[in-house]
Amino acid sequence: MKNFSNYNDYSLKKDLAFESRAIHGALGNDPMTGAVSFPIFQTATFRHKALGQSTGYDYSRLQNPTRQELERTMAILEEGTEAFAFSSGQAANMALFTWLNPGDHLILSDDIYGGTFRIVDTIFHKYGVDYTYVDMSELDQVKAAITDKTKMFFIETPTNPMMKVADIRVLSDLAKSIGAITVVDNTFLTPYFQRPLTLGADVVVHSATKYIGGHNDTISGIAVTNNEEIAAHMKIQLKSHGNGLAALDSWLLIRGLKTLPIRMDRHNENAKVVAEWLRTQPKVKKVYYVGFPDHKDYEVTLKQTSGFGGMISFEMDSFETVERILERVDMIMFAESLGGTETLITYPTRQTHEDVPMDRKEALGINDKFLRISIGLENVNDIIRDLDQAMNGK
Ligand SMILES: *Cc1c(COP(=O)(O)O)cnc(C)c1O
C-alpha cells in the first residue's frame with residue numbers, strides 16, 4: 001500500500017475488508033506529497049514535458065486525478081473494473097442509455113425514479129428506442145415483455161418509491177440468455193449492502209448525490225462496470241458530453257465514502273425502528289419497507305443484500321393528514337432527495353414523480369396520500385417524536 005511516486009500504481013486492496021477499502025480508496029494518499037487527504041486537483045489542463053510525453057493527464061474533461069481516485073475507489077467497492085463519475089445521476093443514466101440504438105427495446109422497472117422515466121420517455125423514445133415498463137419483481141411480466149429487439153434491462157431495486165425488490169441474479173441470467181445487458185440502479189442500498197456486479201449485472205449506476213456523498217451537499221452520479229466494451233462506450237460518452245464530475249465534488253464523494261459503512265449501518269438501524277413505529281400508528285394505512293419479514297420480496301432481499309437501507313414509504317389516511325405532516329414537521333425537513341445525514345420527507349406525486357402520468361401513478365399506488373421518508377442519522381427518538389407531533393399533535 002505504500003506508494004511514493006506513481007498515480008497508476010494502485011491496488012484493489014483485496015486483502016482489506018469493505019470498511020478499510022472505503023477509507024483507503026485506490027491510491028488513498030497522494031503519491032507525490034504523501035498528503036493523507038487526497039488532493040483536489042483544481043486544474044483545467046496539464047503541462048507536457050515534450051512532444052508525445054504526457055504525465056497521463058492532458059485535460060480535466062478527459063481525466064483528472066481527483067475524479068480518477070473516486071472512480072477507482074467506486075470500482076473497488078462495487079467489484080467492477082472501471083467506474084465513471086458524472087455531474088449527476090441523471091447524466092450517468094443519459095450516458096448509459098446511449099448504449100441503445102434506434103430500434104432497440106428496453107425493459108424498465110415500472111416504478112422507477114421519475115427522472116429516469118423522463119429520460120427514456122422524452123429523449124430516447126424520440127430517437128427510436130422502444131420501451132416497456134414492467135414490475136421487475138414479477139419474473140413472468142419481464143419474460144412477457146421481451147422482444148427480439150430487447151437489448152437492456154434497467155432495474156431499480158428496491159424501487160423508488162414502492163420498495164419492490166427484483167431478483168438481480170435471475171434477471172441478469174435472463175438478460176444474458178437473450179443477449180441483453182443488465183443495469184442496476186444501486187442508489188438505495190449502495191455497495192455496502194448490495195453488489196449487483198457480483199450477482200451478474202453488467203453495470204451499476206448511482207445517484208451519488210444520495211448515500212455515496214451522504215451529506216446532501218453534492219449532485220453527482222457514478223456508473224461502474226466490469227465489461228470492457230461498455231467501459232469504452234462510457235469513456236467516449238463522458239468525454240463527448242463533457243459531464244464528468246468536477247474535482248472538488250469528486251473530493252467530497254471520496255470523503256463521503258470513508259464513512260459510508262458506519263452511515264449505512266445507522267441509517268439501517270434507525271429506519272427499522274421508525275418503520276415499526278409507523279406500523280403502530282392509526283393514521284398510517286400502509287408502510288412500505290423492505291426490512292419487514294412479511295414484505296412480499298423479503299426472501300429475495302435476504303438472498304442478495306446484507307441490509308435494508310434507510311428508505312420508507314407510507315400511505316396516510318387522508319390528504320389532509322399529509323398536508324398537516326408536511327407543514328408541521330420541525331427537525332425533519334420537507335424536501336426532495338434522500339440518503340443524507342438529515343431526515344427528509346418527500347411527497348412523490350408532486351416532487352420526484354411529478355412527470356409520471358397520473359394513471360400510471362395511481363396504478364402503482366403513488367396517490368395523494370403517499371409519503372416517502374429518508375431516515376437520517378439523527379437520534380431515532382427525535383425522528384419519531386417529530387413525526388408523532390406532526391401526525392398526531394393538536
Ligand atoms: C436521485 C435519483 C436519481 C437521479 O440522480 P441525480 O443525482 O438527482 O441526477 C436516479 N435514481 C435514483 C434511484 C435516485 O434516487
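Student: What does a side-chain oxygen of N227 reach at the start of α8?

Tutor: A polar contact is a pair of N or O atoms within 3.5 Å; within protein, one must be able to donate a hydrogen and the other to accept it, and residues adjacent in sequence count only if both atoms are side-chain atoms. Here, a side-chain oxygen of N227 comes to within 2.8 Å of the backbone nitrogen of E229. This is a predicted model: local features need pLDDT of at least 70, side-chain atom pairs count only at pLDDT 80 or more, and totals for chains, interfaces and linings use all residues. Residues are numbered from 1 along each chain as its sequence is written, and side-chain values use heavy atoms, with hydrogens and water left out.

Student: What span should helix α8 have?

Tutor: Helices (H or I, at least four residues) and strands (E, at least two) are DSSP runs, numbered from the N terminus. The expected span of a helix is 1.5 Å times one less than its number of residues. Helix α8 has 14 residues, 228–241, so it should span 20 Å; its end C-alpha atoms are 20 Å apart, which agrees.

Student: Which residues of α8 are buried, and which are exposed?

Tutor: Buried means under 20% relative accessible area, exposed over 50%, partly exposed in between (1.4 Å probe, protein chains only). In α8, the buried residues are I230, A231, H233, M234, Q237 and L238. They fall within an arc of 160° seen down the axis, so they line one face of the helix. The arc is that of the directions from the helix axis to the C-beta atoms. E228, E229, I236 and S240 are exposed on the other side of α8.

Student: What do the buried residues of α8 pack against?

Tutor: Contact means heavy atoms within 4.5 Å. Partners of the buried residues of α8 include α2 (65–78), β1 (82–86) and β5 (181–185).

Student: Where does K210 lie, and is K210 buried or exposed?

Tutor: K210 is in the loop between β6 and β7. Its relative accessibility is 9%, so K210 counts as buried. Leaving aside neighbours within four places in sequence, K210 contacts T187, S337, L338 and G339. UniProt, in an unreviewed entry, places "modified residue: N6-(pyridoxal phosphate)lysine" at K210. UniProt positions are given in the numbering used here, feature names are shortened, and annotations may be inferred rather than shown by experiment.

Student: Which backbone oxygen does the side chain of S313 reach?

Tutor: That of P161, at 2.6 Å. S313 sits in strand β9 (residues 311–316). S313 is buried, at 0% relative accessible area.
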